[in-house]
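Let us read a structure together, one feature at a time. Keep the model in view as we go.

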Amino acid sequence: MKRVCVFCGSKHGARPQYADGARELAHTLVKHKIGLVYGGGTVGLMGEIARTVQEGLGPDGVFGVIPEALAPREVSNELIGRTHVVNDMHERKAMMARNADGFIAMPGGLGTLEELMEVMTWQQLGFHAKPIGLLNTEGFYDPLLNFFTHCIDEGFVAARHQNVIVSADPEQLVQQMLEWQPPATNALVEARQRAAAIGEDISRAAPDS
């Protein structure tokens, strides 16, 4: 992986361990010379991970994408790394996804969950074959993991689509993502051969010849 897209909160959360985990993940990315793609903000956990990666890899190691409307809310003081200002959330997420080789969700709120669910859905549909990880700091994602199991048990999600890598340890999480191989399902095999970039509206693309 040359770059990983990290979804995380624009707040620090209720526990100091969340910010500690963000900085530890940043140090792990720097150690492996993996660049950061993120939502472009400078506050909360976004700011913590972006500043720490920039300190280790320089401005070129941080690729931020932020909608113009959110800049007053999510940016305080100077921008971090190479930040791209886009028109809306759809453009933001598409640019982030296209420029990343994998995805990690740290603790966060509704926006973080929405971004995570989208890349999981894209993987299920065969729109990409990139690893997805959860940094499960302080067991933050345990209730969500239980819900995933519930969805499988109730017959709404196939067990083969539960491919998320989970760890509370950033080094272990990144190592497992580096070693990850997509399962041999038709959708993911086709995704590896797809010419369209992730984030592109494939529904509007011309059918494969």
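Q: What counts as a helix or a strand here?
A: Both are DSSP runs, numbered from the N terminus: helices are H or I with at least four residues, strands are E with at least two. The model is predicted: local features need pLDDT of at least 70, side-chain atom pairs count only at pLDDT 80 or more, and totals for chains, interfaces and linings use all residues. Residues are numbered from 1 along each chain as its sequence is written, and side-chain values use heavy atoms, without hydrogens or water.

Q: Which strands does helix H2 lie across?
A: Contact means heavy atoms within 4.5 Å. Axes are lines fitted to C-alpha atoms, for helices over the stretch in contact, and angles run from 0 to 180 degrees between N-to-C directions. Helix H2 (residues 44-57) lies across strand E1 (3-7), strand E2 (35-38) and E3, at about 155 degrees to E2.

Q: In what order do the strands of the sheet run?
A: Strands of a sheet pair through backbone hydrogen bonds, either parallel or antiparallel. Two strands pair if DSSP finds at least two bridges between them. Here 7 strands form an open sheet, E4-E3-E2-E1-E5-E6-E7, with parallel pairing. Strands E4 (82-86) and E7 (165-167) are at the edges with a single partner strand each, so one side of each has no neighbour in the sheet.

Q: How many bridges join E3 and E4?
A: Strand E3 (residues 62-67) pairs with E4 over 5 bridges, in the parallel sense. Phenylalanine 63 stands opposite arginine 82 in E4.

Q: At what angle do helices H4 and H5 cross?
A: The axes of H4 (residues 89-98) and H5 (residues 110-125) come within 12 Å and cross at roughly 55 degrees.
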